[in-house]
Amino acid sequence: MKSLQLALTSLKRDWRSGELALIAIAVVIAVTSLTSVGFFTDRVRKATEQQATELLAADLVLRSREPIPSPIREAALEQGLTATQTLSFRSIVVHGDNMQMAEAKAVEQGYPQRGNLRTADELFGPESITEHIPAPGQAWADARLLQSLDLRVGDRVDIGAAGLTVTQVLTYEPDRGGDLFNIAPRLLMNMADIPETELILPGSRIDYHLLLAGDSGDSAGITGFREWFENRGYENIRVQGIRDARPELKTALERAEQFLGLAVLVSIALAGLAVAMSAQRYALRHFDNCAIMRCLGAEQGLITRIYFIQLFILALVSAALGCALGYAAQGSLAALMAGLSKEALPQASLRPVFTGMATGLITILGFAMPQVMRLRRVPPLRVLRRDLEPLPLSGIATYGTALLALALLAPWQSGNSLLTAYTLAGIVVTLLLLALGARLLILALGRLRSRVGLSIRFGLANIARRSHLSMVQILGLGLGIMVMLLLTLVRTDLLDTWRDRLPDDAPNYFLINIQPEEVEKVRGFLKDRGRIDAQLQPMIRGRLTAINGNEVDPGSYGNDRARRLVAREFNLSWAKEMQADNRLEAGQWWSGNEVDRNLFSVEEGIGATLGIELGDSLTWQVAGREITGTVSNLRWVEWDSFHVNFFVVANPGTLEDYPATYISSFYIPDTHKELLIELVRNFPSITIIDVDAILTQVRSVMEQVVRAIEFVFIFTVLSGIVILIAAMQTTHRERIHESAQLSTLGASRGQILAGLIAEFVCLGLLTGILAAFAATVVEVLLAEYVFKMHIVINPLVWIIAPLASTLIITACGLLGMRSVLNTPPMTVLRRV
Amino acid sequence: MQAEQLGKQVTGPGGELTILHNINLELREGESMAVVGVSGSGKSTLLGLMAGLDVASSGRVLLDGNDLGSLDEDGRARLRNHRVGFVFQSFQLLPGLNALENVMLPLELAGSDDPQAQARERLAEVGLAERMYHYPSQLSGGEQQRVAIARAFAGEPRILFADEPTGNLDQKTAGQIIDLLFRLNHERGTTLVLVTHDPAIAGHCDRTVTLAGGEIVS
């Protein structure tokens, strides 16, 4: 009680005197940064779950090769769910003399339960969302079916014994999914027409789906039904929920969260540094108070409790404020991005508040408490001898606690412990290198002292004498300025280069199924009619059967992606030259005379996933024959170029004689879409795939990622600024005292001013040089390892950084010292 | 209070330095003693050792029968809180607390009942009833020292240590402060140890001990 009361009094007093403001601001920044990302990713996660339901077209899907027993449907309806059934099967669709194997899907009213169907009135016409399904007697065909059967809207097609009129072009169905190249064209029809087709016979291969959905937001109904169903033990019915759908989407989101989380971790680390610096100054200013309290009989435990409670309350209040600001900030972020997302994001949950509050507490306790703990050791004799100070903290106490705090916070920021460890190590190494750099620069500065005049010598002497503090200042300011540089100049360099890789004329259409004899004609057509210089690449399907003679077994891979990859056929290709958007990472590209050896070039990512290395021997099953060859190189592929690319490419001699179809990609502006219809008419067997929508999505995702990263780094800059102020404040009192002493000894105002300017300018230059160096190193590393591109070092960094830091430090410093220069020294000395 | 063969050595740049050597003193309850000597003679060090603010290198201090050297830091703090009062040359008020809060502090630390009422009483005794909500920076030197005296007597200490209590005050104010200090001391029967270099002030005490070079010379 006593300690609480004393802590509250002390808190009130310290708050009034502004001594706690910097600590509070730093914590508010850390928590705001954390919670804004927390709230935002929470909303995006919910939105993604909604998208996942769209990809299922329901909240839960039951799949079976047999009709799904009606009691199941009845049970679902009884439990308040809505249900609709679909069935799909492969069948030949006939139009006049043309026939095409298609994937027919019959649906009932209520399909899809989640998401929407989209249709167009004509091939490649504008699409629109529809709430309907094909009426009985009608069918909707996708572009590929229309192309391959030379159909037009209004034509009649036969499927089994039924005749249906095609009334719409089906452009999108939410639960289509799958591999673009592997699925048959689609015919969507009404369930009522199924008996008439006479295709549903015993032994027919049919997929029955029961699509279920609960009230929006009511996941309990779905969970309850799933439990009910799983307890019934239906062996032949598979169940698929949101979490089972699209694992790659989940992975992508998790990865985005990880990177944002790490950016937040950097902000927290910087905010922590600011907290530690402010707390050090705070502790210093409380030595006298603690000595008096100790003298009056306060026990060490009481001192600890008072300051602990004080910091605890400060942490709670600052963290709560941070949470509120975080919520507001994510709101503006979501508003900022509203134009990019088709639908409004769902509301955030309150979960980030918990992590925010905990972060506030851990940041203060981890970074400020070690400094403040010194106060318990203030000797009471200090009331008689002011020079007595408690022993400085050991390095382990200071940095160990801070690192522990960061390590405690890290798991919330990124589920990936390795990545977190790298980031933490990165922060520590950067700090150590900057500290070393600062130390060397300060030493070098010392050599200049004998060659300069009195005022400048005084300034340089100050930097050298307070070398430890100067180092901390350079470090703090340097980090802040480095982040600012990264955010402004470097960010622009990197992101522009990254964005430029996806040019406006990135291919928006793919052509597949081009027969070898059509290659030259198609190329000629595109060149003559559309002035398109298209590259056509051969595509051969093959299954990977052995690596270095060891049979490939999907079950032996721990990684989902690896299992999926080896379970299906690869699209292989062969080429003489490496594509322009590829880069050799290891090994050599083949020369023209290496036709007698079987050689493969493997994309490095898939190589890593499947454990394929340079020099390995790969065995493929292609068209019933086995081919074995050596991996002669590993390639990096710029997938976001949207050009046709292959995981595995062989040299010309290896696959040239195998049956291949050709594939191409090109860009056609909206105004020239009629060229596509003409292309279909001339080459009916070719299939055109529209990737415009995917491309738009990729572009908007890029924009979103850029904005999100920018947003998070704003907090890093803010932390940097707080470090700057904290660093200035640390030496402020000492500097005022010295200036007053100099003035007493007869130094003119001009001489003192010149000395101060010399000190600030030197500090600024050192800081700027170090920040420019660090920013350049980070830029090169990012370009090399993250963005995989060559970057031209921006010389502006080296001019702007020293200039900006000198200006900032000198302006801040002189502003703080203004009162001293204009006040009689006696007044200053008495005040100090 | 008893000091037996008290010594204090510190290690400085030039090796071991003896600040106090073989100090033997005894002070009975209610007695007042002045410690005088030139700067650097060891007056403040002796005060620090006797008040339990510092630990002796040799010998021992007994305060109310408690050997200060055998207590730990917190034990000495408790003893100070319950038995000892202080008045310093530089007042040593907490700048963030007003006069009333400063006087309340030792009472709150001791867990007294109604510390505010007691503190008000003490401030009234030193003539500051009208200024109890003023902060130290809003008070004159003399007034600050009155607050310090009120604080020193607040916990009803058995012994009071005063280190140059008038060192920062003009002559007239110094006189008033000394009068106040001795009046309260007399009224309460507190034992007093007063460090000063002013023989006139020392003259108010029952006896005077003179230090030179860390030893008692008279």
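## Packing around helix α2 of chain B

In this predicted model, the buried residues of α2(B) pack against elements from both chains: α8 of chain A, and β4 (58-63), β6 (84-88), α3 (99-110) and β7 (159-163) of chain B. The buried residues in question are B:Arg76, B:Ala77, B:Arg80, B:Asn81 and B:Arg83.

Helix α2 spans residues 73-83 of chain B, and confidence in that chain is lowest there, at a mean pLDDT of 87. The highest confidence in chain B belongs to strand β3 (residues 32-36), at 93.

## The contact between chains A and B

The contact between the two chains involves 19 residues of chain A and 24 residues of chain B. On the side of chain A, the elements that contribute two or more residues are α1 (2-16) and α8 (287-295). Helix α1(A) provides the largest share of that side, with 5 residues. Sorted by class, the side of chain A that touches chain B consists of 9 nonpolar, 6 polar and 4 charged residues.

For the complex, the predictor reports an ipTM of 0.89 and a pTM of 0.67.

## Composition of the two chains

Chain A contains 24 helices and 22 strands. Of its 832 residues, 41% are buried. Among the contacts in chain A with a separation of 6 or more, 84% are made by residues 24 or more positions apart.

Chain B contains 7 helices and 10 strands, and buried residues account for 50% of its 218 residues. Residues 24 or more positions apart supply 69% of the chain B contacts with a separation of 6 or more. The mean pLDDT of chain B is 89, and 100% of the residues score at least 70.

## A helix pair in chain A

Helix α16 (residues 519-530) and helix α20 (residues 674-682) of chain A have axes that come within 11 Å and cross at roughly 150°. This angle lies over the limit of 145 degrees, and α16(A) and α20(A) are therefore roughly antiparallel to each other. The crossing in which α16(A) passes α20(A) is right-handed.

From α16(A), the residues that take part in the contact are A:Phe525, A:Arg529 and A:Gly530; they meet A:Leu675, A:Glu678, A:Leu679 and A:Asn682 in α20(A). By class, the residues of this contact comprise 3 nonpolar, 2 polar and 2 charged.

## The loop at Gly160 of chain A

A:Gly160 is located in the loop that links β7 (156-159) to β8 (162-172) of chain A.

Leaving aside residues up to four places away in sequence, A:Gly160 touches A:Ser91, A:Thr197, A:Glu198 and A:Leu199. The C-alpha atoms of A:Gly160 and A:Val93 are separated by 7.7 Å, although the two residues are 67 residues apart along the chain.

## Backbone features in loops

The peptide bond joining A:Tyr111 and A:Pro112 is cis, with omega at about -10°. A:Pro112 belongs to the loop between β3 (98-107) and β4 (117-120) of chain A.

Two residues other than glycine have a positive phi: A:Asn548, at about 50°, and B:Gln92, near 55°. A:Asn548 sits in the loop between β13 (536-547) and β14 (550-551) of chain A, whereas B:Gln92 is found in the loop between β6 and α3 of chain B. A:Asn548 counts as partly exposed because 14 C-beta neighbours lie inside 10 Å. B:Gln92, with 23 such neighbours, counts as buried.

How values were computed: Residues are numbered from 1 along each chain as its sequence is written. Chains are lettered from A and ligands numbered from 1 in the order in which they are written. This is a predicted model: local features need pLDDT of at least 70, side-chain atom pairs count only at pLDDT 80 or more; totals for chains, interfaces and linings use all residues. Helices (H or I, at least four residues) and strands (E, at least two) are DSSP runs, numbered from the N terminus. A residue is buried if 20 or more other C-beta atoms lie within 10 Å of its own, exposed if 12 or fewer, and partly exposed in between; C-beta atoms are placed from the backbone. Two residues are in contact if their C-beta atoms, placed from the backbone, lie within 7 Å. Axes are lines fitted to C-alpha atoms, for helices over the stretch in contact, and angles run from 0 to 180 degrees between N-to-C directions. Angles under 35 degrees count as roughly parallel, over 145 as roughly antiparallel, 65 to 115 as roughly perpendicular and the rest as oblique. A crossing is left-handed if the near helix is turned anticlockwise from the far one by less than a right angle, and right-handed if clockwise. Ala, Val, Leu, Ile, Met, Phe, Trp, Tyr, Cys and Pro count as nonpolar, Asp, Glu, Lys and Arg as charged, and the others, Gly among them, as polar. pLDDT is the predictor's confidence in each residue, from 0 to 100.
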